[in-house]
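Visitor: I would like a close look at one single part of this structure. Could you take me through it slowly and tell me what surrounds it?

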Amino acid sequence: MFFCQVSTGVSAISEGQKTAISENCILIRESLKKTQQLDAGKRVYLGVRFERILTNFIVPLNVKLVESNISNPALLENQSNYAEAKEVFRNNYIKYQQALEELVGLDCRIEPETFYKKLVVARERRKIVGQDIENIKKLALKNIELVTKLRGEL
Amino acid sequence: MQEEKTRKVTSGGRNLILLGVLSTVVAVTTTGVSLAIYHNSGDIYLDRSRPGFLPDEEEVEQKDEDEQGGVYNFSKVEKLTAESLTEYLEKLESEIEAINVYEKPFDMEILSDDHFGIPIE
């Protein structure tokens, strides 16, 4: 299984940046809490659809192919890749939310430098989640491509 | 006689207190374990019933529309034909379209320095 490593090394931030973080701390924290809420909505919305594609489309089609004695290794491989990508997305989303939670829990007025370091980690993890979603979409599109080819062979 | 009766009452009272303490310890431990599992499994991040995480009215309406339309399931298709695969493809394409409602669901702007008013140096 593929897990992404996130670096935590961030060069020291400037005095100007520290001051800005401390001064805007309340607004930053409010914005982060809003982001958590919005992310939860998106995660549930996407998660339901990702799961539905697997359980209502990809898996039953492969079962039907086996029952009909039609061999299609490419579709089976795509199913396994899709299921793995969905699991990776789930795990990386949890890691991202944990990073965001740590960030919200920090008092940025007192610890602006630590806050910034953790902000960089949260950004990297968010980026990974975005890549995971693109990967899942790519595999769903691959399924369309393979099924279109199969339809032509029937 | 009187002394023995008093001792029995004291012992009963002590047992009652012990039972109360023990029950509290068991309740606190099991609740703690449950919360740890809830948190570590990541289910906490999917729980929309948490205060402040309740779905917006618009989201609820969208869900109702989805439910009214019924959910497609290929396993209900009896025979594997070109027609059944055409329907499969149409339905799958509409699922992917639904995913694309969010063009960039986890875009980076929302955590950028600029968004938080942090000067870029």
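Guide: Happy to! A word on terms before we start: a residue is buried if 20 or more other C-beta atoms lie within 10 Å of its own, exposed if 12 or fewer, and partly exposed in between, with C-beta atoms placed from the backbone. Helices (H or I, at least four residues) and strands (E, at least two) are DSSP runs, numbered from the N terminus. This is a predicted model, in which local features need pLDDT of at least 70 and side-chain atom pairs count only at pLDDT 80 or more, while totals for chains, interfaces and linings use all residues. Residues are numbered from 1 along each chain as its sequence is written, and chains are lettered from A and ligands numbered from 1 in the order in which they are written.

Let us look at α3 of chain B, residues 82-99. Its chain has four helices and zero strands, in the order α-α-α-α along the sequence. Of the 121 residues of chain B, 7% count as buried.

The helix α3(B) has 18 residues and spans 26 Å from its first C-alpha to its last, close to the 26 Å expected at 1.5 Å a residue (the expected span is 1.5 Å times one less than the number of residues). Its buried residues are B:Leu85, B:Tyr88 and B:Leu92. Seen down the axis of α3(B), these buried residues fall within an arc of 50°, so they line one face of the helix; the arc is that of the directions from the helix axis to the C-beta atoms. An α-helix has 3.6 residues a turn, so residues three or four places apart point the same way. On the face turned away from the buried side of α3(B) sit the exposed residues B:Glu83, B:Glu90, B:Ser94 and B:Glu97.

What covers that buried face? The cover over the buried residues of α3(B) includes α2 (25-67) and α4 (112-153) of chain A. That brings us to the interface: 38 residues of chain B are in contact with 46 residues of chain A, where contact means that the C-beta atoms of two residues, placed from the backbone, lie within 7 Å. Helix α3 of chain B gives the most to the side of chain B that touches chain A, with 11 residues. The residues of that side divide into 25 nonpolar, seven polar and six charged; here Ala, Val, Leu, Ile, Met, Phe, Trp, Tyr, Cys and Pro count as nonpolar, Asp, Glu, Lys and Arg as charged, and the others, Gly among them, as polar.
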